[in-house]
Amino acid sequence: MHFVEYNREKIVEYAKKWALRRNPEYYNFDGIGGDCTNFASQCLYAGIRVMNFTKDIGWYYISLNNRAAAWTSAEYFRKFMLSNRGEGPFAASREIHQLEIGDFINLKNSTEIYHTLVVVGFDGNMPLIAAHTTDAYMRRLDSYHYEEALGLHIIGGNIS
């Protein structure tokens, strides 16, 4: 395996371009559970350019019917990023105040992780968010309603 640097500027460029509209290269999941993690995965891919094609437990998107659950599910996205030791991106859990531009925040209620947000800036210490489903760009994290916010710091990626 070889380490792949994560380009945080590319993720912000991608988020700025696509936060308030849809990239036609990807299916829009708004009507079937939400598009937030699909958008977050697109942003992450723009900054890392490597996927993990491991059937069922990887992180990849080829088409609507050929993708990993981690590409579009907030809970599986977080689980993959924290546990991945193979190809593709990997991350560490961090407190919100420790995050950087290009990191992610998962929102959780009492039973599930239900939303994935992309950190695209800061207003003081407050993360500014890009997201789909309820489309946003440069929205303050404290304008969301949630029980818990879980930080996800992208360290980099691996490629064979």
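Q: Which backbone nitrogen does the side chain of Asn23 reach?

A: Keep in mind that this is a predicted model. Here the side chain of Asn23 reaches the backbone nitrogen of Glu25, at 2.9 Å.

Q: Where does Asn23 lie, and is Asn23 buried or exposed?

A: To call a residue buried, look for a relative accessible area under 20%. Asn23 comes in at 9%, so it counts as buried. As for its place in the chain, Asn23 lies in the loop between helix H1 (8-18) and helix H2 (36-48).

Q: Leaving aside neighbours within four places in sequence, which residues is Asn23 in contact with?

A: Setting those neighbours aside, Asn23 is in contact with Tyr14, Trp18 and Gln42.

Q: Which strands does S9 pair with, and in what sense?

A: Take them one at a time. Strand S1 (residues 2-4) pairs with S9 in the antiparallel sense over 3 bridges, and His2 has Ile159 as its bridge partner in S9. Strand S4 (residues 88-94) also runs antiparallel to S9, joined by 7 bridges; there, Ser93 is partnered with Leu152. Strand S5 (residues 104-108) is antiparallel to S9 too, with 5 bridges, and Leu107 stands opposite Ala149 of S9.

Methods:
Residues are numbered from 1 along each chain as its sequence is written. This is a predicted model: local features need pLDDT of at least 70, side-chain atom pairs count only at pLDDT 80 or more; totals for chains, interfaces and linings use all residues. Side-chain values use heavy atoms; hydrogens and water are left out. Helices (H or I, at least four residues) and strands (E, at least two) are DSSP runs, numbered from the N terminus. Buried means under 20% relative accessible area, exposed over 50%, partly exposed in between (1.4 Å probe, protein chains only). A polar contact is a pair of N or O atoms within 3.5 Å; within protein, one must be able to donate a hydrogen and the other to accept it, and residues adjacent in sequence count only if both atoms are side-chain atoms. Contact means heavy atoms within 4.5 Å. Two strands pair if DSSP finds at least two bridges between them.
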